[in-house]
Amino acid sequence: VEGEREEYLSDAYELNLDTLTWREVKMAGSIPTPRAFHTIATLSSMLVCFGGDNGKGFLQEVFFKRFDDDEWHKPVVRTLPNKSNNPDASTKLEPSPRACHTATPLTDGDTMIVFGGIGLNNESQNDTWAWSAAQMTWAVVDPPSQEPEARFMHTTTVVGDGLAVLGGMTLNPLSQASKRTPYRIFSHMYILTAAGYLKHPN
């Protein structure tokens with residue numbers, strides 16, 4: 001709205017589907033910081049919040065709230081083994097900062113699949129990650145076939161034993177030099193099949 005200050009929020013509301021009424025949910029613990037264009041996925045035992053944009057940059061944090069707990073928590077991200085003597089050489093195993101991605105819960109109730117999004121330098125992403133609620137860890141999903149083109153603002157959903165990716169868009173960094181449109185919009189669909197690839201690797 002003209003004249004109003006842009007504000008990022010961290011509040012939460014719940015819609016009662018029986019009465020179609022909203023109520024504000026009390027936030028406690030390690031509350032997700034204010035953000036937009038993030039995702040919240042519902043797994044069998046918890047809500048999981050990932051990524052987003054806080055107006056200063058893209059985010060890669062994970063927050064979770066168990067259904068039997070009133071508080072939010074921030075897990076410790078697993079670190080890859082350090083093969084050198086340099087303590088700064090360790091690498092955290094997690095997706096890069098991003099927003100406008102998708103986070104899709106699988107039918108096992110434990111796994112959330114994150115795909116795509118827009119990240120640093122406004123680059124579109126096409127990597128795939130699996131988050132396990134039981135293990136509290138990320139794992140890279142590396143399909144043995146062609147991956148969808150990098151994109152953001154797409155949709156994903158589980159279809160049978162597959163994960164369908166539809167639509168989205170990507171920015172064209174060469175648009176000014178080539179007088180091309182500054183973005184491309186996708187209308188095709190990709191499906192990641194085989195249930196074995198839709199489980200969090202141990």
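**Sheet, cores and aromatic cluster**

Three strands form an open sheet in the order 11-12-15, with antiparallel pairing. Strand 11 (155-159) and strand 15 (189-192) are the edge strands. Each has a single partner strand, so one side of each is left without a neighbour in the sheet. Neighbouring strands of this sheet are turned by 20° against each other on average, direction ignored. Strand 11 is joined to strand 12 (residues 162-166) by 5 bridges, and the two run antiparallel. Within this pairing, Val 158 has Leu 163 of strand 12 as its bridge partner.

The model is predicted. The average pLDDT of the chain is 86, and 83% of the residues score at least 70.

The largest nonpolar core comprises 16 residues. Leu 43, Met 46, Val 48, Met 112, Val 114, Trp 131 and Trp 138 have the most contacts inside this core. Two or more core residues come from each of strand 4 (46-53), strand 5 (58-66), strand 8 (111-119) and strand 9 (124-132). Strand 4 gives the most, with 3 residues. In soluble globular proteins, nonpolar side chains tend to be buried together.

Met 112 illustrates the contacts made by a residue of this core. Residues up to four places away in sequence are not counted here. Another core, of 6 residues, lies apart from the largest one. Its members include Leu 106, Val 141, Leu 163 and Leu 192.

Aromatic rings were examined next. A search of the whole structure finds 3 aromatic pairs. One of them is formed by Trp 129 and Trp 138. The geometry of this pair is edge-to-face, with 6.3 Å centre to centre and 90° between the planes. Trp 129 and Trp 138 are both buried. Ring pairs link Phe 50, Trp 129, Trp 131 and Trp 138 into a cluster.

Notes:
Residues are numbered from 1 along each chain as its sequence is written. This is a predicted model: local features need pLDDT of at least 70, side-chain atom pairs count only at pLDDT 80 or more; totals for chains, interfaces and linings use all residues. Side-chain values use heavy atoms; hydrogens and water are left out. pLDDT is the predictor's confidence in each residue, from 0 to 100. A nonpolar core is a set of buried Ala, Val, Leu, Ile, Met, Phe, Trp, Tyr and Cys residues joined through side-chain atoms within 4.5 Å. Buried means under 20% relative accessible area, exposed over 50%, partly exposed in between (1.4 Å probe, protein chains only). Helices (H or I, at least four residues) and strands (E, at least two) are DSSP runs, numbered from the N terminus. Contact means heavy atoms within 4.5 Å. Two strands pair if DSSP finds at least two bridges between them. Axes are lines fitted to C-alpha atoms, for helices over the stretch in contact, and angles run from 0 to 180 degrees between N-to-C directions. Rings of Phe, Tyr and Trp (its six-membered ring) pair if their centres lie within 6.5 Å; planes under 30 degrees apart count as stacked, over 60 as edge-to-face and the rest as tilted.
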